[in-house]
Amino acid sequence: MHAPAELLQGHCVSLRRWRAGDAGTLYRVVSASIEHLAPWLSFVRDGFTELDAQRFIERNRLEWADGTSYGYAIVTGGDSDGEVVGGEVIGSCGLMARIGPGGLEVGYWLHPGHTGAGLATQAIGLLADEAFRIGADRVEIHHDEANARSAAMPRRLGFAEVARRPNPEPLSPAEVGIDVIWRRCRV
């Protein structure tokens, strides 16, 4: 597989690779979203500090370089000469090479003030399209069985539920410990 584009454009959102200078923005968006994210995401279970944000940005840089993960800021607004203009960072998403050869898993979260408007669906659609463009033969979304909102997204994007299995990771407060796996294959 090839590396994905660093900027992906949609109608209402753009995805841009996280940058070294984004740690403060990431910290603010995650901090404002802790209550919304904590039931589902273990990385905020004990809070989220400025140091956590800096580590995330650095880890993203390293993982992008070694091809294990490609993280993006989800940004509102349009573009001009390949740069998102007037955009506000409202979440994060990424492609992760952790489901075996030829496959990429999608992960995502959105600030609660921007949910329910189709922005995450558009962002994940952009990611799935990019995954196939760079050579993936399948894209998967995994979420806890109790997370009904996360289940709606893959359905809207044409993914099929392919499995349910116990989650070996430590659980967040709202999780029941059963992962639902959705898959879309290259056509």
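**Salt bridges, ring pairs and the sheet**

Tutor: The side chains of R133 and E130 form a salt bridge with an N to O distance of 2.7 Å, the term denoting a side-chain nitrogen of Lys or Arg within 4 Å of a carboxyl oxygen of Asp or Glu. This is a predicted model, in which local features need pLDDT of at least 70 and side-chain atom pairs count only at pLDDT 80 or more, while totals for chains, interfaces and linings use all residues. Residues are numbered from 1 along each chain as its sequence is written, and side-chain values use heavy atoms, with hydrogens and water left out.

Student: In which helix do R133 and E130 both lie?

Tutor: Helices (H or I, at least four residues) and strands (E, at least two) are DSSP runs, numbered from the N terminus. R133 and E130 are three residues apart, about one turn of the helix. The helix that holds both is α3, residues 119–133.

Student: Is E130 buried or exposed?

Tutor: Buried means under 20% relative accessible area, exposed over 50%, and partly exposed in between (1.4 Å probe, protein chains only). R133 has 53% relative accessibility and therefore counts as exposed. E130 has 6%, so its class is buried.

Student: What is the distance between the closest N and O atoms of D137 and R138?

Tutor: D137 is partly exposed because its relative accessibility is 37%, and R138, at 15%, is buried. These two residues form a salt bridge, and their closest N and O atoms are apart by 3.0 Å.

Student: How many residues apart in sequence are the parts that E145 and R164 tie together?

Tutor: The side chains of E145 and R164 meet in a salt bridge at 2.7 Å, N to O. E145 lies in the loop between β8 (138–144) and α4 (148–156), whereas R164 is in strand β9 (residues 160–166), so the separation of the parts they tie together is 19 residues.

Student: Which residues are joined with E145 into one network?

Tutor: E145 is partly exposed at 39% relative accessibility, and R164 is partly exposed at 44%. Salt bridges that share partners join E145 into one network with E161 and R164.

Student: Why is the pair of W18 and F56 described as edge-to-face?

Tutor: Rings of Phe, Tyr and Trp (its six-membered ring) pair if their centres lie within 6.5 Å; planes under 30 degrees apart count as stacked, over 60 as edge-to-face and the rest as tilted. By this rule there are four aromatic pairs. The ring centres of W18 and F56 are 5.9 Å apart, and the pair is edge-to-face because the angle of the planes is 90°.

Student: Which residues do ring pairs link with W64 into a cluster?

Tutor: W64 and Y70 are both buried. Ring pairs link W64 into a cluster with Y70 and Y72.
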